[in-house]
Amino acid sequence: MNLSAYIDHTLLKPTATPEDIIKLCKEAKNYNFYAVCVNSCYTILAADELRKSDVKIATVVGFPLGAANTETKICEARQAIADGSHEIDLVLNIGFLKTGLFDIVQYEIAAIKEAIDDKILKVIIENCYLTDAEIKKASQLCKAAKADYIKTSTGFGPGGATEEAVKIMLNEAGSSLKIKASGGIRDTATAQKYIDLGVSRIGTSSGVNIVNASNNEQDEHTY
């Protein structure tokens, strides 16, 4: 299996520099990762670095808390697309979800999807803060709002992707939604576990190590 094709090569640290983003993009090209995932201030730089490659750009919006107002998120998403992003990774308003303000949560997702037209929208539900019932409801809202993906985590919460959360998301997704597992995925075995479960994308800052380890295992099996 080609693990590279599943990986969103991610750098969202607050200390990330332009040089770090250039390095990220070079690695993404060298390893044929599906996309890079960056903060919005670096979308233009990533677009310039990846202009002659097939690597996509995913920009996070409302990151990492999801607590910006809807109009701000819409503006940020539109600007990211204008700057060259192919995909938006939106942080869902967690507090609104947990309070039961489901209409507002669904409206926000739908409004951002409409604003970015045919570009891919992934909605980060930050599963570490949610009960199983809330993960299920968040998945249903993403589906109703016509998002393209549900994503587990920002990587900035106290926990990342879990097998239990992914299974709930997959069960609710049906054929209309894909799943991105993200947060705490640092080795080949973990990445492979989620792919085997049925996720379509892996968000990780450890993509190089994951792919190299996978290639080394394959080489060992050829002897």
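The model is predicted, so local features need pLDDT of at least 70, side-chain atom pairs count only at pLDDT 80 or more, and totals for chains, interfaces and linings use all residues. Residues are numbered from 1 along each chain as its sequence is written, and side-chain values use heavy atoms, with hydrogens and water left out. Helices (H or I, at least four residues) and strands (E, at least two) are DSSP runs, numbered from the N terminus.

**Helices H3 and H5**

- Helix H3 (residues 70–82) and helix H5 (residues 102–116) have axes that come within 9 Å and cross at roughly 25 degrees; axes are lines fitted to C-alpha atoms, for helices over the stretch in contact, and angles run from 0 to 180 degrees between N-to-C directions.
- H3 is thus roughly parallel to H5 (angles under 35 degrees count as roughly parallel, over 145 as roughly antiparallel, 65 to 115 as roughly perpendicular and the rest as oblique).
- H3 passes H5 in a right-handed crossing; a crossing is right-handed if the near helix is turned clockwise from the far one by less than a right angle, and left-handed if anticlockwise.
- On H3 the contact (heavy atoms within 4.5 Å) is made by Thr70, Lys73, Ile74, Ala77, Arg78 and Ile81, and on H5 by Tyr107, Glu108, Ala111, Ile112, Ala115 and Ile116.
- The residues of this H3 contact with H5 comprise eight nonpolar, one polar and three charged (Ala, Val, Leu, Ile, Met, Phe, Trp, Tyr, Cys and Pro count as nonpolar, Asp, Glu, Lys and Arg as charged, and the others, Gly among them, as polar).

**Helices H7 and H8**

- H7 packs with helix H8 (residues 188–197) at an angle of about 25 degrees, their axes 10 Å apart, and the two are therefore roughly parallel to each other.
- The crossing of H7 and H8 is right-handed.
- Glu163, Val166, Lys167 and Leu170 of H7 meet Lys193, Tyr194 and Leu197 of H8.
- The residues of the H7 contact with H8 divide into four nonpolar, no polar and three charged.

**Aromatic pairs**

- Rings of Phe, Tyr and Trp (its six-membered ring) pair if their centres lie within 6.5 Å, with planes under 30 degrees apart counted as stacked, over 60 as edge-to-face and the rest as tilted; the count comes to two aromatic pairs.
- Tyr31 and Phe33 are stacked, because their ring centres are 5.7 Å apart and their planes at 10 degrees.
- Phe33 is buried, with a relative accessible area of 2% (buried means under 20%, exposed over 50%, partly exposed in between, with a 1.4 Å probe and protein chains only).
- The pair of Phe63 and Phe156 is edge-to-face, because the ring centres are 5.1 Å apart and the planes at 85 degrees.
- This pair links distant parts of the chain, 93 residues apart: Phe63 is in the loop between strand E3 (56–61) and H3, and Phe156 in the loop between strand E6 (149–151) and helix H7 (163–173).
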